[in-house]
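Take a moment to look the structure over, then follow the points below.

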Amino acid sequence: MIKNISNLGDAALYCDFGTEVNKEINRNVINYFNNLRDSNFLGITNITPSYNKLVISFDLKLTSFAKLKKQVENLELKKNNNSKNNLIKIPVCCAEEFALDIKRLQKLLKINEAKIYETFFSKNYYCYMTGFIAGMPFLGDMDKSLFAKRLETPRVKVPKNSIGITEQFCNIYTFESPGGWNIIGNTPVDIFDNKKNTEPNLINPGDTISFYPISKLEYEKKYE
Amino acid sequence: MKKNMNKNYFEVLRPGINSTFQDNGRNNFYHIGIPFSGAMDNRNFLLANTISNNEINNPVLEFAYQGPKLKYIGENISINVTGDVNFKIIRKNKNLEFSCYENIILENNDCLDILSTNRSVYGYLSIGGTFEVDYYLNSCSTNTKAKIGANSGEKLEKGQIIHLKYIKKILPKNKIEYLNSKIENIRIIKGPHFDYFSKDAIDSFLSDEFNVTKLSDRMGIRLKGPKISNIKNTNIKSEGLVKGVIQITADGDPIIMLSDHGTIGGYPKIGVVISADYDKLVQIPPGSKIKFREINLKDAETIFKLYEMETQNLISNFK
């Protein structure tokens, strides 16, 4: 449940669901997000779910903090709006040229490459949020044995479609971008398709992701 | 490009530094990482379309610092430039001077040279008619990071042709009397992480000057000044941002999120610029000094109402 609603500037609500990061809290955030999307409250311009916060921005010409806060507080939640949450399978190629940080991880985690991948591919991951850059999913939770710090110096350019891990999370770089996560592979699937005019993003908050390994040959085939 | 295009067009002789097509922006895609975008200075965008007698959300060409140099081929067309902009029209080897906020007639073979924005950043070119642009998720606004919107998500490039969808009859001569006022004091509202900073740091944040650095663009303004020291944690769990949010980086420098900002961020938010000051904030060029002043939500709402009334008056007085 929302613990507190405060204002983020004069044109946004900052809904606080707590300080921890776990699925239960995040499911709550996403449940509010889905319900608010269906609510059609006047003036809402954007709703941004994250691990444990929900930011609702609005058009100050149409509504105000006080008005919208009251509406959100009185929102009747339709429980378990899970129909919108999918299981998505993502192929990953771990060839040397894509696994930019696998050597660093072996040293850092003191486990060998095969074990790192076995552990990584054995779990399903939950999408807490998408964003920062278009379509980028923030997924968790990693097995504890794979918790690794970010790179000390972030890369200026992480290749598009790289799979990165850090601490309890993994993500997919939907565009070439700067970034400091440990890169372990690359997917031939476009997570964000800027040609698609409806639902350009493959992964949404609340979805479950399972990664599976593919060879270089399969990778190249999929790219064609 | 499409074949059955209107025969009038602009040729880009010089693209300018950051020239993009913009409209009101796109709503409701923050949750998939797509920011609002849209014209940075919303008032000057609205005035541009008002003078052209266009729909209020018609695409305009936004430019920053140095604008484009465009050659026009076609029937006479009304255009106008808004902002604080130095530009001229070259007609048969003669330089013709005009001012911003007035209807100008562009003739076949005229060259519109948008030289610079004066002690400001953004300016707008609007035409009586419509540029032929691509729409993506209900907006033509170009976002060069996600490569979406008009012009395949790219800035203008040298040599390209800007096609026009249609042009209107020449508009009667008319002008808005408007002066872009500048501000140095940016009014803010306390952010959710105000208490992450020491009392000294907050005093310094609200009384010292900050320099607007060159690392400023449509995504954000980076400031340099006294370091704002953090007493809790220099990182937070990433969460939603809105335009105008001031984050303090791990180095203690403030960054202000602007219209193309990343949708989530992991630095503490010390404050948020009030909506009424946003149009003027984006116009502050690198090298300037700014100060922050804290006000409460109620005052911010009142100031916005007045700002909005002023904009509406400018628009309705013109019509």
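In this predicted model, the centres of domain 1 of chain B and domain 2 of chain B, taken over C-alpha atoms, are separated by 28 Å. Domain 1 covers residues 9-167 of chain B, and domain 2 covers 185-315.

**Between the two domains of chain B**

- Domain 1 of chain B puts 20 residues into the contact, and domain 2 of chain B puts in 15 residues.
- On the domain 1 side, helix H1 (residues 42-51) of chain B gives the most, with 5 residues.
- That side of domain 1 is made up of 8 nonpolar, 8 polar and 4 charged residues.

**Between chain B and chain A**

- Here 33 residues of chain B are in contact with 38 residues of chain A.
- Strand E16 (239-240) and helix H4 (297-318) of chain B each supply at least two residues of the chain B side.
- H4(B) gives the most to this side, with 5 residues.
- The chain B side consists of 16 nonpolar, 11 polar and 6 charged residues.

- Which residues of helix H2 (residues 65-73) of chain A are buried? They are Phe65(A), Leu68(A) and Val72(A).
- These three sit on the same side of H2(A) because they cover an arc of only 75° around the axis.
- Residues three or four places apart point the same way because an α-helix has 3.6 residues a turn.
- Ala66(A), Lys70(A) and Glu73(A) are exposed, on the face of H2(A) turned away from its buried side.
- The cover over the buried residues of H2(A) includes strands E1 (4-7), E2 (12-16) and E4 (53-58) of chain A, together with H4 of chain B.

Methods:
Residues numbered from 1 in each chain as written. Chains lettered and ligands numbered in written order. Predicted model: local features only at pLDDT ≥ 70, side-chain atom pairs only at ≥ 80, totals over all residues. Contact = placed C-beta atoms within 7 Å. Helix = DSSP H or I, 4+ residues; strand = E, 2+ residues; numbered from the N terminus. Nonpolar A, V, L, I, M, F, W, Y, C, P; charged D, E, K, R; others polar. Domains from an automatic or database assignment. Buried ≥ 20, exposed ≤ 12 C-beta atoms within 10 Å, placed from the backbone. Arc of directions from axis to C-beta.
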